[in-house]
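User: I would like to learn how to read the features of a structure model, one at a time. Please go through them with me.

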Amino acid sequence: QVQLVESGGGLVQPGGSLRLSCAASGIIFSFNVMGWYRQAPGKQRELVATITRDGSTNYVDSVKGRFTISRDNAKNTVYLQMNSLKPEDTAVYYCNLENHYTSISYSTYWGQGTQVTVSS
């Protein structure tokens with residue numbers, strides 16, 4: 001139904017930057033929310049940032065001022081610009097898409113994940 005393909009992960013030094021991309025294909029509703037989650041070893045998956053189709057954003061406190069989420073609706077693609085990266089940002093980053101039937105009812109889809117490692 002929906003496929004999400006991520007790219008852009010890798011190894012970066014503390015203070016560096018990376019840009020993640022996620023292209024969605026398949027059946028995508030006009031009412032949808034795209035976002036990024038991450039999961040570090042031994043920890044639960046956590047929300048990083050989300051963005052609605054009209055550009056409203058939401059961030060976890062730990063990345064505010066450092067990460068920026070954006071999207072290109074024509075390409076069904078979401079981006080995550082990560083600046084001032086810290087070792088604690090190391091995790092597998094997952095792209096997420098919610099196809100909304102109503103404001104509270106939706107189907108959710110996940111990408112395969114891309115590794116981000118912040119280390120000197």
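Analyst: We take the sheet, the backbone, the disulfide, the core and the salt bridges in turn. This is a predicted model, in which local features need pLDDT of at least 70 and side-chain atom pairs count only at pLDDT 80 or more, while totals for chains, interfaces and linings use all residues. Residues are numbered from 1 along each chain as its sequence is written, and side-chain values use heavy atoms, with hydrogens and water left out.

User: In what order do the four strands of the open sheet lie?

Analyst: Strands of a sheet pair through backbone hydrogen bonds, either parallel or antiparallel. Strands here are DSSP runs (E, at least two residues), numbered from the N terminus, and two of them pair if DSSP finds at least two bridges between them. In this model the order is β1-β3-β8-β7, with antiparallel pairing. The edges are β1 (2-7) and β7 (67-72); each has a single partner strand, so one side of each has no neighbour in the sheet. From one strand to the next, the twist averages 15 degrees, an angle between lines fitted to C-alpha atoms, taken between N-to-C directions on a scale from 0 to 180 degrees.

User: How many bridges join β1 to β3?

Analyst: Six bridges join β1 to β3 (residues 18-26). Within β3, Cys 22 is the bridge partner of Glu 6.

User: Which cysteines does the disulfide join?

Analyst: A disulfide is a covalent bond between the sulfur atoms of two cysteines. The rule applied is a pair of cysteine sulfur atoms within 2.5 Å, and the count comes to one. Cys 22 is joined to Cys 95, with 2.0 Å from S to S. The link is left-handed, at -85 degrees about the S-S bond. Cys 22 in β3 and Cys 95 in β9 are 73 residues apart, and both are buried.

User: Which residues of the largest nonpolar core touch the most other members?

Analyst: A nonpolar core is a set of buried Ala, Val, Leu, Ile, Met, Phe, Trp, Tyr and Cys residues joined through side-chain atoms within 4.5 Å. The largest has 27 residues, of which Trp 36, Leu 80, Met 82 and Tyr 93 touch the most other members. The strands that each supply at least two of its residues include β4 (32-39), β5 (46-52) and β11 (114-118).

User: How many salt bridges are found?

Analyst: Side chains of opposite charge can pair when their charged atoms come close. The cut-off is a side-chain nitrogen of Lys or Arg within 4 Å of a carboxyl oxygen of Asp or Glu. Four are found in the whole structure. Asp 89 pairs with Arg 38, the closest N and O atoms being 3.0 Å apart. Asp 89 is in the loop between β8 and β9 and Arg 38 in β4, so the pair ties together parts 51 residues apart in sequence. Asp 89 also meets Arg 66 at 2.8 Å, N to O. Shared partners join Arg 38, Glu 46, Arg 66 and Asp 89 into one network.

Key: Buried means under 20% relative accessible area, exposed over 50%, partly exposed in between (1.4 Å probe, protein chains only).
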